[in-house]
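I am opening a notebook page for this structure. The entries below record what I looked up, one topic at a time.

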Amino acid sequence: MAKFRVFRDRDAWATFRGYFYQIQVTIQRWLDLEPGEELQLECGEDIDRVGRALSERGTASEVSRLLEQVKHREKAVTLRSAEALAALASFHCHRVANPQVCLRFRYITNAQVGREAKSQMPGGVPAIEAWERIRSESLGPGEEASILASIRSLLSIVPKPGNVPEEDWRALRQFIRAADDAEMLGLVRSVEWGTGTTSFELMQSEIEKQLVETGRAASAEESHSLYQRLVVFVLKRLSASGPKSLAPEDVEGVISAPDSDQPTADCCK
């Protein structure tokens, strides 16, 4: 029997893994929600954690929003990486469009931090590592100013990533060049580089452990079953057209749903 010859690699494993990784991170954020918070999915970014407060009239208004972009990568990330630059351009546009909302941004990836070739950072440290030192306010004034200037210099000369609209890139570049140090510092302290997060292979076990530790599941077997139901619930929610949100009470709804409403296939082994 002749063997079928594949002339083009059509295996989209990396794409599907990236989407599934986003679902798993979404579940983790969902389980961590506090009363009065909600997740909005595929809104500002992949996952928006929205905090609300009640006004004197009893109506809820948005007071904070954490925008999270989730990327599963097979190689290290640097501040020169196209995805990192695209994330910064996107966040800057969100800030300009929403001056009344306290916005923060977090780039979530399993990848480790890489060091830029010919790094201009003081001491030759990776730019993302230097950025995080500023954000965590662990530097003295002189060192902070030196690193801030180096970050500004790097972002002023890097070329536009191909997937970033010209208008968005121009807006970020103009801000980088025109912002005073206080404004630049405000951007840096609003952006977190969440690198080296849990690997794809360990995500399921981490979530199942979290379900037991929070009392939502009484055993490993029950935790595994609940994990599967949460995955299907989030996948269906993401597949729906229009606004998509998750609230703390939705978790309880999945837990308490009748068996007839639960998926029966062991789809998440």
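Entry 1, helix α1. I checked the length of α1, residues 13-31, in this predicted model. At 1.5 Å a residue, its 19 residues should span 27 Å, and the end C-alpha atoms are 27 Å apart, so the two agree. The expected span is 1.5 Å times one less than the number of residues. Helices are DSSP runs of H or I with at least four residues, strands are runs of E with at least two, and both are numbered from the N terminus. I then listed the buried residues of α1, among them Gly18, Tyr21, Ile23, Val25, Trp30 and Leu31. Buried means under 20% relative accessible area, exposed means over 50%, and partly exposed lies in between, with a 1.4 Å probe and protein chains only.

Note on the source. Residues are numbered from 1 along each chain as its sequence is written, and side-chain values use heavy atoms, with hydrogens and water left out. The model is predicted, local features need pLDDT of at least 70, side-chain atom pairs count only at pLDDT 80 or more, and totals for chains, interfaces and linings use all residues.

I repeated the length check on α2, residues 82-97. Its 16 residues should span 22 Å at 1.5 Å a residue, and the end C-alpha atoms are 23 Å apart, which agrees. The buried residues of α2 include Leu85, Leu88, Phe91, His92 and His94.

I counted nine helices and six strands. Along the principal axes, the C-alpha atoms fill a box of roughly 75 × 60 × 35 Å. Of the 269 residues, 45% count as buried. The protein exposes about 14900 Å², and carbon and sulfur atoms supply 51% of that area, by the Shrake-Rupley method with a 1.4 Å probe. Among contacts with a separation of 6 or more, 65% join residues 24 or more positions apart. Contact means heavy atoms within 4.5 Å.

At what angle do the axes of α4 and α6 cross? The axes of α4 (residues 141-157) and α6 (residues 181-190) cross at roughly 80° and come within 11 Å. The two helices are therefore roughly perpendicular to each other, a term for angles of 65 to 115 degrees. From α4, the contact is made by Glu144, Leu148, Ile151, Arg152 and Leu155, and from α6 by Asp181, Met184, Leu185, Val188 and Arg189. I sorted these contact residues into six nonpolar, no polar and four charged. Ala, Val, Leu, Ile, Met, Phe, Trp, Tyr, Cys and Pro count as nonpolar, Asp, Glu, Lys and Arg as charged, and the others, Gly among them, as polar.

The 20 residues of α8 reach 29 Å from the first C-alpha to the last, close to the 28 Å expected. Its buried residues include Leu226, Tyr227, Arg229 and Val234. The buried residues of α8 pack against α1, α7 (200-213), β6 (245-246) and α9 (248-256). I also looked up Glu222, which is found in α8 (residues 220-239). Glu222 counts as partly exposed because its relative accessibility is 39%. Apart from neighbours within four places in sequence, Glu222 is in contact with Arg216 and Ala217.

Glu42 has phi near 50°, a positive value in a residue other than glycine. Glu42 lies in the loop between β1 (37-41) and β2 (47-54). Glu137 is not a glycine either, and its phi is about 55°. Glu137 sits in the loop between α3 (127-135) and α4. Is Glu137 buried or exposed? Glu137 is exposed, with a relative accessible area of 55%.

Technical notes: Axes fitted to C-alpha atoms, helices over the stretch in contact; angles between N-to-C directions. Parallel < 35°, antiparallel > 145°, perpendicular 65-115°, else oblique.
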